[in-house]
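The following questions and answers examine how the parts of a protein model meet one another. Please consult the sequence and the structure as you read.

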Amino acid sequence: MGAGVETGCAIPPGALDRLRGLLGERFSTADADLFSYSHDYWPISLQWVLKGSFPWLPSAVAWPENTLEVQEIVKTAYENSIPVYAFGGGSGVLGGTVPEKGGIVVDLKRMRSIRLNEEDMVVEAEAGVNGYYLEKYLNSKGYTLGHIPQSLYVSTVGGWVATKATGQFSTKYGGIENMLLGLEAVLPWGDSVTVKPHPRTSTGPDLRSLFVGSEGVFGIITRVWLKTCLAPGERILLSYVSESFQEALESVRRILRRGARPAVVRVYDETETKRHFYMFEEAYGRVMTVMIVEGDSRIAGAERMIVEEEFRGRMLGEEPVKHWLETRFTVKEASEFTPLGVVFDTIEVSVAWSRAMLLYRSLVEAMRSVKGTLFASAHASHFYPQGVCFYFTFAGVPKGDPEKYYNEVWSVAMKTTIENGGSISHHHGVGRQRRSWLKEELDAGFQLLKKVKTAVDDKGLMNPGNMGL
Amino acid sequence: MPGKWDWLKDELRASGMARATPLVLRFIGGRLRGPDDLVKCALCPNMCRHACPVGIVDGRETTSPAGKARVALFLRQGRLQATRENVSPLYACLSCDACSVWCPFGFSVADLLRPVKEKTAGGVGFKEFREVFENLEKHGYVYGEPKPSGSGSRNGDLLYLRGCTLREKHPDIGEKAEHVFQHLGYRAFTIDETCCGMPAYNLGNTSLFRKLARKQAEKIGSSGAGTVVASCPSCVYAYRVLYPKHGVEIKAEVHHVAELLEDRLKGLRGEGSFVIHNPCKLALGLGKPRALWKTLSSVEGLTVKEPRRSGSETFCCGHGGSAVPRLNPELARRIALERGMELTEEAETIVTACPTCKQAFQSNGFKALDIIELVYFLLGGEQCSR
């Protein structure tokens, strides 16, 4: 092995034979595979990629093709006390899949069946279905899921549920938890459980919640049932320029209070307006808002009227929205700047309207106060009648250890969020980067979570260490 | 209008960090190229994964587009040893360039991997490729000694290059093509052609590719042809795109059959329902994602359908790029099945414009016609057999 790194957990020969017998070439201990599953899109792990040096490698990688195979893998791991990490698209940005205790990475991307029930408006998808593939399939049948994260091209439906993801069109369609009707998962000892996809049910605590946002610590999601919507008959593109961030946010709050639900609402602070919309001179140094209202043409038309009545700002027409649509999947900063020694990341938090501006200002100031920071800025990316998600971006060129600087910024950001009454994560999840702050975020709930973890995963084998569990 | 990086210059000034970031300033000032392309690709979260047939069907990070770039980077760094096991993922590429459609940098992963392939392939010495190289060296033909080339005319005003796969697997299409060209008013002729070199290029043997390219260009030149047409889009891609990059000149105009037929079938009538499979090298390599559709939809009476992934979103048949069918035939088969199933949701008969695509679908139980076969039939010729 080139890197000379221990895999952390040796798989007993009997278990190796069993898994090789079960999966054949879909089970690997080859170096190239171990390297490939030793990171995700966590900026710290990008530094490892750049150096070709990983602190942790898995012991093996498995590519099951059905739930029974996942069960066999997990059962073998349980019997032999081998850690297991579920892997989807690897687009997580917090190290949620890093195999820090060695063990088996279970990549679900060979599980890709889709079944659409048009009458019930439900799509059943295996966990490894690619996001874009699913949306394209639904579009061809006249539907949409409405879940369009920036990772759409990369991520999987199982990953969406496991990380409690949300998408760019969430203000209308909601987060993945709002779309999820049912799921099938493999439990830490190898049994499977199906939470059936009813329109609604009142049959005790909602077991879906155990897996939504679980990041692989309670088992492996193998199949989901999701609500679908009719593909929008009409799409209205609107944009505004405002004199202040607060004024634009207030406008959106008023729109949502009246019950309108534009699918996309994004409000960029002055720095990000300059960054993303520099070609629109009228907006440069001001605040850009882009909106998409869509759906049935009559409903969309009514929502448009509400938007136009409530938004205080200068209308800029469709062009800024078209620009956003064209560039929304352009992810290149990490590729361009990481090798130049720039530490770059995003942090998304949520907060109620009453504390929104205070949190925004405090967080930008806190991140800027860390020595080495080049800039810190934000846009508001997801909206609710009760509050908003701020998506912060920071970059810095530290003099010393980049990881130390990175963690310092994260530390002040998390601390400031908690102090200002926000939640430390809106949709990226916890992973390994946020785990130190989860206890403070959840308070007594963290002890409850730990007890649930111990009860469900008695040997502590499912993604050990993730979320601090 | 403010510039792209003005916002960052403003931020650097405001933070007092401008002097501390000479590299960033040079980069945004256009005075520093930044990291090399392989590194950029390796640091991408795989924003083209959804378009990559291998990425989707194989489902492995190791063979995903950015995953391959990472393996290549680790090999280049010496962090991974150049063993067969570690080098093989680089060949899990169909060279379809679907990645380049979605890449924010416009990269072709196949192109990024090529230097590492060239450097490592010799050491690994894939036995699966050796036979190809030997055949190309000895016979200028992928499949060994070529069969007698039939009774094609040796002079005319249109040089028709059939390519290795058509000659080996579907020689009847070559004969039908000559009838079709005649209908269009051409007197087509053939020559004792040499492989265009694409298999060598795809398999990491660039010196052999150049040798074949020079030989083939010389033969085309000595034929005196002013117009050349080929059935294989990969051959046309080689002649039009790769040869000039490698200093090999073809003076004649080179077209793919689908380009030659475009706008030439008006007035033709037919019936039946067909679904189009755009070959990747025609749609993406030659930048003609609508050529096949335009040609066929101009025929009155035909029902021409497109699959979900069409135009510039076309999905390779699994047999492109020369390497996958040789190193991992099961993966090639699974990709062909995936694409074939998608296509036949629309219509039973697939129409394509590439002998390799036709072969990939046919050998997996699908009914597939080359555009030449369909046009030949529409012109009153017999329906070709599968």
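This is a predicted model: local features need pLDDT of at least 70, side-chain atom pairs count only at pLDDT 80 or more; totals for chains, interfaces and linings use all residues.

Q: What area is buried between chain B and chain A?
A: The size of an interface is often expressed as the accessible area lost when the parts come together. Carbon and sulfur atoms give 63% of the area buried between these two chains. The total for chain B and chain A is about 5,500 Å².

Q: What is the distance between the closest N and O atoms of Glu313(B) and Lys136(A)?
A: The rule finds seven salt bridges across the interface of chain B and chain A. Glu313(B) and Lys136(A) form a salt bridge, for which a side-chain nitrogen of Lys or Arg must lie within 4 Å of a carboxyl oxygen of Asp or Glu. Their closest N and O atoms are separated by 3.3 Å.

Q: What area is buried between domain 3 and domain 4 of chain A?
A: The domain assignment places domain 3 at 234–327 and domain 4 at 333–450 of chain A, and their C-alpha centres lie 24 Å apart. In the contact, 15 residues of domain 3 of chain A meet 19 residues of domain 4 of chain A. Carbon and sulfur atoms give 60% of the buried area, which is about 1,500 Å².

Q: How many residue pairs are in polar contact across the interface of domain 3 and domain 4 of chain A?
A: The rule finds one salt bridge across this interface. For polar contacts, both residues must have pLDDT 80 or more, and the number of pairs found is nine.

Q: Which element gives the largest share of the side of domain 3 of chain A that touches domain 4 of chain A?
A: The elements giving two or more residues to this side are α10 (245–257), β13 (264–268) and α11 (270–276) of chain A. The largest share is six residues, and it comes from α10(A).

Note on methods
Residues are numbered from 1 along each chain as its sequence is written. Chains are lettered from A and ligands numbered from 1 in the order in which they are written. Side-chain values use heavy atoms; hydrogens and water are left out. Buried area is the accessible area (1.4 Å probe) that two parts lose on being put together, summed over both. Domain bounds come from an automatic or database domain assignment. Contact means heavy atoms within 4.5 Å. A polar contact is a pair of N or O atoms within 3.5 Å; within protein, one must be able to donate a hydrogen and the other to accept it, and residues adjacent in sequence count only if both atoms are side-chain atoms. Helices (H or I, at least four residues) and strands (E, at least two) are DSSP runs, numbered from the N terminus.
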